[in-house]
Amino acid sequence: MTTILALDFDGVLNVFSRRTTGEWGAYEYAEVHAFEGLGWPICYAPALVGLLNRLHAKNIVSFRWLTTWTHDAPTKFAPAIGLDVGRW
């Protein structure tokens with residue numbers, strides 16, 4: 001049995017910060033075009049995204065979306081930051 005992790009973006013994966021580094025190392029920025037094509041600046045830690053991808057690949061964690069991004073979460077947000085949601 002794997003652990004289920006409910007995943008939200010804003011404030012969790014999308015860090016509201018102007019800093020360039022944090023507890024997860026260097027932050028990177030991407031612009032995601034969602035919500036009828038509007039561009040949203042996203043600040044994220046690649047180290048955290050990498051960890052989530054590895055946990056899922058090893059079947060340690062199963063993820064579920066818990067976000068107002070609805071269908072844009074797996075189709076636009078996740079690919080922009082390198083979050084592998086192909087098997088979610």
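Which residues are buried in H1? In this predicted model, local features need a pLDDT of at least 70 and side-chain atom pairs count only at pLDDT 80 or more, whereas totals for chains, interfaces and linings use all residues. Residues are numbered from 1 along each chain as its sequence is written, and side-chain values use heavy atoms, with hydrogens and water left out.

Helices (H or I, at least four residues) and strands (E, at least two) are DSSP runs, numbered from the N terminus. Confidence is given as pLDDT, the predictor's value for each residue, from 0 to 100. The protein chain has an average pLDDT of 83, and 95% of the residues score at least 70. Strand E2 (residues 21-22) has the lowest confidence in the chain, with a mean of 78, and H1 the highest, at 92.

Helix H1 comprises twelve residues (46-57). The expected span of a helix is 1.5 Å times one less than its number of residues; for H1 this gives 16 Å, in agreement with the 16 Å between its end C-alpha atoms. The buried residues of H1 are Leu48, Val49, Gly50, Leu52, Asn53 and His56, where buried means under 20% relative accessible area, exposed over 50%, and partly exposed in between (1.4 Å probe, protein chains only). Their cover includes strands E1 (3-7), E5 (38-44) and E6 (61-65), together with helix H2 (72-81); contact here means heavy atoms within 4.5 Å. Just after H1, Asn59 adopts a positive phi of about 60 degrees.

In H2, the buried residues are Asp72, Ala73, Phe77, Ala78 and Ile81. Viewed down the helix axis, these residues fall within an arc of 140 degrees and therefore line one face of H2, the arc being that of the directions from the helix axis to the C-beta atoms. Thr75 and Pro79 are exposed on the face turned away from the buried side. Elements covering the buried residues of H2 include strand E4 (28-34), E5, H1 and E6.

Rings of Phe, Tyr and Trp (its six-membered ring) pair if their centres lie within 6.5 Å; planes under 30 degrees apart count as stacked, over 60 as edge-to-face and the rest as tilted. One aromatic pair is counted by this rule. Trp69 and Phe77 form this edge-to-face pair, with 5.1 Å between centres and 65 degrees between the planes. Trp69 is buried at 3% relative accessibility, and Phe77 is buried at 0%.

Thr68 lies in the loop between E6 and H2 and is exposed, with a relative accessible area of 65%.
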